[in-house]
Structures are given as structure tokens and as C-alpha cells.
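Let's go through the labels for this structure and ask what backs each one up.

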Amino acid sequence: MLDLIDSKITGTQVAYYIVCKRKLWLFSNKIEMEKFSDYVEIGKLISVGSFKREKHKELLIGDTLKIDFLKIGDEIIVHEVKKSKKLEEAHIWQVKFYIYSLKKLGINCKSGVIHYPKLFRKIDVQLNKEDEKIIENMKMERKRLLSGNLPPVINAPYCKKCAYYTFCYA
């Protein structure tokens with residue numbers, strides 16, 4: 001279908017690539033700690049509880065792209081719902097990846113929106129040619145990273161709330 005979907009790259013992996021290469025490596029090697037995290041569960045509840053009137057919610061495309069919801073008109077607009085803006089750069093790249101992926105599938109999509117319902121805030125996201133090159137590089141770097149050894153702990157301030165915290169620091 002598409003190189004990107006065939007290689008099983010997910011939006012979550014793109015976000016983890018930005019946040020922590022170790023987390024990406026663990027998650028991609030089927031060590032999935034998210035199901036044990038209260039923070040992840042709260043995020044899921046916020047996502048499910050928000051925008052209940054939207055028709056095109058929780059879309060799974062190609063078994064790898066899970067988009068919170070789409071607005072469909074002359075152009076498709078990707079919408080993602082997030083709990084906190086602490087990892088905003090990762091959220092932006094996740095949405096850019098979704099836009100990129102939909103474009104590669106021949107779908108007219110050029111923009112997205114990240115919603116932070118608890119903060120009453122939203123961010124508009126656009127994808128440009130430079131972003132597409134960065135995503136292509138991410139795909140190659142991800143492949144190289146996953147074929148290597150477990151990356152080191154990064155000791156970032158947000159590690160304490162990470163689903164993998166006990167794995168990395170126990």
C-alpha cells in the first residue's frame with residue numbers, strides 16, 4: 001500500500017522519537033508500559049470524552065495510523081486531542097506525520113489541529129516541504145535506531161510521569 005504503512009510506523013512512534021529514543025525502542029520492541037499508566041489512562045479519557053459530536057472519531061488507517069478525529073470537507077483536517085502541552089513538540093510532529101501519511105495515500109490533507117481541552121487551547125499545524133524531508137529522515141533514523149541496542153536513559157524532567165519510569169529507573 002504505502003512504504004510508511006508497510007513499515008508499521010505509528011503516530012505514537014513519531015511522538016516517542018521526539019520525546020525519548022529509549023521509549024521509542026522499548027515500545028517498538030513490544031515492551032508496552034502504557035497500559036499500566038494512570039497518566040495515559042487520563043489522556044485517553046480526555047480524548048474519548050471530548051468532541052463527542054464528531055462523526056469521524058478514532059479512525060484507524062492502514063492498521064498503524066490512529067487519528068482522534070477528522071473534519072471532512074473540501075480538505076481533510078486532522079484533529080488530535082491531548083491532555084497537556086508539556087510535550088507539545090511531539091504532538092506537533094505526530095500531527096504532521098498524520099498529514100504527511102494521508103497526503104502519501106492521495107488524500108487532500110494539508111493541515112491539522114491539536115486540542116488541549118483542559119487548557120481551552122488549540123494549535124493549528126501545517127505541513128511544508130521541509131517537514132516532509134524531516135519526516136523522511138525520521139523514518140530512516142527510526143529504522144537504524146530499532147536495529148541497534150537499547151538507548152540510554154535521558155534523565156529529562158518529564159521522565160517522572162512517563163509510563164516507562166520504573167523500567168528505566170528501578
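**Core and salt bridges**

This is a predicted model. Its largest nonpolar core holds 34 residues, and those with the most contacts inside it are Ile67, Val78, Phe97, Ile99, Leu102 and Tyr164.

Q: Which element gives the most to this core?
A: That's helix 5, with seven residues.

Q: Why is lysine 96 called buried?
A: Buried means under 20% relative accessible area. Lysine 96 comes in at 11%, so it counts as buried.

Q: What makes lysine 96 and aspartate 131 a salt bridge?
A: The cut-off is a Lys or Arg side-chain nitrogen within 4 Å of a carboxyl oxygen of Asp or Glu. Here the closest N and O atoms are 2.8 Å apart, so the pair qualifies. Lysine 96 sits in helix 5 and aspartate 131 in helix 6, so the bridge ties together parts that are 35 residues apart in sequence.

Q: Is aspartate 131 buried or exposed?
A: Its relative accessible area is 6%, under the 20% limit, so aspartate 131 is buried.

Q: What makes arginine 121 and glutamate 88 a salt bridge?
A: Their closest N and O atoms are 2.9 Å apart, which is within 4 Å, so the label holds. Arginine 121 is in strand 5 and glutamate 88 in helix 5, 33 residues apart.

Methods. Residues are numbered from 1 along each chain as its sequence is written. This is a predicted model: local features need pLDDT of at least 70, side-chain atom pairs count only at pLDDT 80 or more; totals for chains, interfaces and linings use all residues. Side-chain values use heavy atoms; hydrogens and water are left out. A nonpolar core is a set of buried Ala, Val, Leu, Ile, Met, Phe, Trp, Tyr and Cys residues joined through side-chain atoms within 4.5 Å. Buried means under 20% relative accessible area, exposed over 50%, partly exposed in between (1.4 Å probe, protein chains only). Helices (H or I, at least four residues) and strands (E, at least two) are DSSP runs, numbered from the N terminus.
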